[in-house]
Structure formats: structure tokens, C-alpha cells
Amino acid sequence: MASISVSLAVSAPAEVSTSIPNKAFSGLSKSASFFAPKSVNPLSINNGSRVNAMLVVDPYNNLKYETLSYLPPLTDEQIAKQVDYIIRNGWNPCVEFDRVGSVHRTNFSGSGYYDGRYWIMWKLPMFGCTDSAAVLREIAECAKAHPDSFVRVLGFSALRQVQCAGFLVKKPSV
């Protein structure tokens with residue numbers, strides 16, 4: 001059997017500057033608090049910075065439908081930039097429409113039932129599309145044919161076979 005010898009080297013402590021006196025720890029001060037006191041008004045809660053918490057959305061009277069739906073209506077130029085992003089990533093643009101615009105239950109409300117989650121496809125996905133102007137023309141054509149519907153653009157990946165992007169481009173004129 002081989003024996004292993006271990007030696008520990010102990011060095012002398014380096015000189016410590018004595019210009020700052022060491023103060024012994026005496027515990028937490030009375031002003032230190034781990035829990036903030038509860039506020040009477042929940043809308044005036046401070047989050048630790050200069051911004052106060054506020055109610056962002058009313059979930060019952062202010063439905064949000066898709067990505068970017070909280071913004072003002074997008075211009076054709078802004079839509080074209082989003083479509084260019086879809087095309088640059090090699091995804092296939094697709095235009096869809098629906099009258100309701102959000103998930104709804106028409107026939108059955110049990111779990112695992114997918115009624116109301118899918119939108120109606122406007123034509124086929126635009127496989128091999130390289131021009132955002134062609135997608136803008138399809139959006140305009142879909143909106144003209146269905147003025148009472150929401151219209152959205154999706155980006156599908158042929159490689160991953162999933163939806164990678166999607167955003168609302170038109171709300172119905174009510």
C-alpha cells in the first residue's frame with residue numbers, strides 16, 4: 001500500500017490596515033425590516049423604485065386577442081416589417097381570420113375540447129414567400145372579404161412544424 005502524506009502550509013497573516021477601526025456586530029437595527037407594512041390602498045403599493053404598482057388591464061371588459069393587440073392599429077409599414085422578420089427567419093406566412101377573435105366555447109365546455117381555439121385559414125400558407133407586399137395584399141383581400149372579422153398573420157416553421165410568430169393586423173370595424 002502506498003502512503004499519502006499531506007502537508008499544510010500555514011502562512012502568517014498579512015498586515016491589516018488599522019486606519020479603519022473594526023466595529024463589532026451588534027445585530028440588526030430597529031429600522032431594518034424584512035417585511036414592508038401593508039398598505040391600506042392596494043393601488044398605492046410601492047415596488048421599491050420610483051414606479052408605483054397600478055392596475056394594468058381589466059380582464060373582463062378589455063379582451064386582448066393576440067400579440068401586439070394592445071397597441072394602436074399597425075400601419076402597413078409596421079406590418080411589413082413584422083412580415084419581413086417572419087420571412088428572414090425562414091418561416092411561412094399565413095393569414096387567418098375569425099369573427100370572435102378570442103378562445104370561446106360554442107358546442108362543449110369540457111377539458112381537452114378544442115372548439116373555438118382555431119381560426120379560419122385564408123387560402124393556404126404562403127410557402128416560399130419572399131416579399132412582404134404579397135402578404136399585405138392577402139391581408140387587404142381577406143379584410144375586404146370579411147369586414148366583420150379579426151385578421152392575423154402567423155409564421156410557421158417548416159423545420160420545427162410549429163407556429164413561431166403570430167400577431168393581430170386588423171380588428172373588425174364596429
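## Overall picture

Of the 174 residues in the protein, 28% count as buried. The model is a predicted one. Its accessible surface comes to about 14100 Å². Carbon and sulfur atoms account for 58% of that surface.

The protein has two helices and four strands. Read from the N terminus, the elements follow the pattern α-β-β-α-β-β. Among contacts with a separation of 6 or more, 58% join residues 24 or more positions apart.

## The sheet

The four strands form an open sheet in the order E2-E1-E3-E4. The pairing is antiparallel. Strand E2 (120-122) and strand E4 (162-170) are the edge strands, and each pairs on one side only. Neighbouring strands in this sheet are turned by 35° against each other on average, with direction ignored.

Strand E1 (residues 92-98) runs antiparallel to strand E3 (residues 150-157), and seven bridges join them. Val95 has Val153 in E3 as its bridge partner. E3 is also joined to E4 by seven bridges, again in an antiparallel arrangement. Here Leu154 stands opposite Gly166 in E4.

How many residues lie between the strands in the hairpin of E3 and E4? There are four, and in this hairpin Gln161 takes a positive phi near 60°.

In a regular strand, side chains alternate between the two faces of the sheet.

## The helices

The table sets them side by side.

| Helix | Residues | Lies across | Angle |
|---|---|---|---|
| H1 | residues 76-88 | E1, E3 and E4 | about 170° to E4 |
| H2 | residues 132-145 | E1, E2, E3 and E4 | about 10° to E1 |

## The core

Which residues have the most contacts inside the largest nonpolar core? They are Ile139 and Phe167, in a core of 21 residues. H1, E1, H2, E3 and E4 are the elements that give two or more residues to this core. In soluble globular proteins, nonpolar side chains tend to be buried together.

## Single residues

Glu138 lies in helix H2. Is Glu138 buried or exposed? Its relative accessible area is 17%, so Glu138 counts as buried, the cut-off being under 20%. Which residues does Glu138 touch, leaving aside its neighbours within four places in sequence? Glu138 is in contact with Val95, Trp122, Lys123 and Met126.

The cysteines come next. The structure holds zero disulfides. Cys142 is in no disulfide. The nearest cysteine sulfur to Cys142 is that of Cys94, 9.9 Å away. A disulfide needs a pair of cysteine sulfur atoms within 2.5 Å, so a separation of 9.9 Å rules this pair out.

Cys142 is buried, with a relative accessible area of 0%. Cys129 also counts as buried, because its relative accessibility of 14% is under 20%.

Notes. Residues are numbered from 1 along each chain as its sequence is written. This is a predicted model: local features need pLDDT of at least 70, side-chain atom pairs count only at pLDDT 80 or more; totals for chains, interfaces and linings use all residues. Side-chain values use heavy atoms; hydrogens and water are left out. Two strands pair if DSSP finds at least two bridges between them. Axes are lines fitted to C-alpha atoms, for helices over the stretch in contact, and angles run from 0 to 180 degrees between N-to-C directions. Contact means heavy atoms within 4.5 Å. A nonpolar core is a set of buried Ala, Val, Leu, Ile, Met, Phe, Trp, Tyr and Cys residues joined through side-chain atoms within 4.5 Å. Buried means under 20% relative accessible area, exposed over 50%, partly exposed in between (1.4 Å probe, protein chains only). Accessible areas come from the Shrake-Rupley method with a 1.4 Å probe; for residues, only the protein chains shown count as cover.
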